[in-house]
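Work through the exercises below with the model open. Each task is followed by a solution in steps.

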Amino acid sequence: MRVRIAEYRMWDVKHSTQPKSAESRSPGTRMSVICGPRSVATLDNRMGKMDNGQRTTDKAQFRIPHSAFRNPHLSERGSVLVLLAWILVALSLIALSFSSSVRMEAKATLNEVDLKQSYYIARSGVYYAMNRALLQALKTTTGDIASQQQNADEDLERGQLRFSMANGTAEITVTDETGKVNVNIAAEDVLRNLMAQVGLTRDVADGIVDGILDWRDADQDVHANGAEDSYYMGLNEPYHAKDGPLDNIEELLLVKGVSPEIFYGQKFKDDSGAEVTRGGLVNFLTTYTAINRININSAPVEVLASIPGMDEERAQAIVRRRMEKPFSSPTEVGEQLGMQGDVNAMANLSAFRSNVYSLRSVAHLNNRKIVSVIRCTFAVDMSSPTGYRIIYWNENNLEL
Ligand SMILES: [Ca+2]
């Protein structure tokens, strides 16, 4: 392209003699063709020489474009316009690239700001719930069930709190840990019932329950579907079986058969299109309770139905009844459901709330899709300067 432009633009037909010129004759006119070094080289290649050293034109090899003689100034301007067009195209591409880069950076910055805002709203939701629990404990001074019920924070008892700010809202799910099954001391049949309640198949449930029994017992004897060191030390990243009580509930993720999907829960749609949740052991198991009894005023249906002698229908009835008024004792449950004679079931129930709560604060920004999630377990502790003590804190936004 450059060669052609050089060749064409250098043709300047005029009556003059220049140092770097190659003379060319056209019938009736003496002309000098002014050209640059490259053009001269080009012309030299195309021009022959006479024996006497005079330069002459080999018409067969060297043809001057007729268009250049017709309107050389127009040709030069056209070349300049083409060059300018290319420059404009190049500049446009650079500007487009720069604009796209700036737009992406602006979007990333905006997302970062949204994420920070939603995080602090979720965090505010956590502290709001902790202070509601502390206030409830401060009012309940005598420690008996009558005082407990008289000063109950109904929203807290139901386990649903809401904390709103100008640019977003935190939805907080609060669970009294006494409403969960203690994985360290729960009976084997309660664990098996719970696995069925959260939708796991018999094979998967047997593997997880036996795995938990092996993980928490002190010996190395393997249950039928369980695992001890012989399994865990053969993994790509080997570790020993705990052979002792779990320190926190996320330790379950180390137990054979407990996948993140089973631990956190997995939502999917069944054949009818209805949304179904499977798993979610984190919502039903705990390591923080001291007694092996389930709080009838805070336990979810899945946990209540796992108790021997109970079923899903009875569990649903308990939940409906306590929404109107919390139970004052397991005896009241027995009277309501006709279960007075079921000693085994009654022995697993309690009406006392604990001082340990787990919560999940989910913050949504107004008109934004970004969500922040904080999970926390805390104990109301009057000996602490704040009145509460954080036992567990997780800012992982993992939502399966
Ligand atoms: Ca063991």
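**Exercise 1.** Determine the handedness of the crossing of H7 and H8, and describe the contact.

*Solution.* The model is a predicted one.
Step 1. Locate helix H7 at residues 188-197 and helix H8 at residues 202-216; their axes come within 9 Å.
Step 2. Read the crossing angle, which is roughly 145 degrees. The crossing of H7 and H8 is right-handed.
Step 3. List the residues in contact. H7 contributes Glu188, Leu191, Arg192, Met195 and Ala196, and these meet Ala205, Ile208, Val209, Ile212 and Leu213 of H8.
Step 4. Sort them by class: eight are nonpolar, two are charged and none is polar.

**Exercise 2.** In what order do the five strands of the open sheet lie?

*Solution.* Step 1. Follow the pairing across the sheet: the order is S6-S7-S14-S15-S16, with antiparallel pairing.
Step 1. Find the edges. Strand S6 (160-165) and strand S16 (388-394) each pair on one side only.
Step 2. Take the twist from one strand to the next; it averages 25 degrees.
Step 3. S7 (residues 168-176) and S14 (residues 356-365) are joined by nine bridges, and Ile172 lies opposite Ser361 of S14.

**Exercise 3.** How many residues lie between S9 and S10 in their hairpin?

*Solution.* Step 1. Identify the strands: S9 covers residues 266-269 and S10 covers residues 275-278, running antiparallel with four bridges between them.
Step 1. Check a bridge: Gln266 is partnered by Arg278 in S10.
Step 2. Count the connection: five residues separate the two strands. In this turn, Gly273 has a positive phi of about 90 degrees.

How values were computed. Residues numbered from 1 in each chain as written. Predicted model: local features only at pLDDT ≥ 70, side-chain atom pairs only at ≥ 80, totals over all residues. Pairing = 2+ DSSP bridges. Axes fitted to C-alpha atoms, helices over the stretch in contact; angles between N-to-C directions. Left-handed = near helix turned anticlockwise from the far one by under 90°. Contact = placed C-beta atoms within 7 Å. Nonpolar A, V, L, I, M, F, W, Y, C, P; charged D, E, K, R; others polar.
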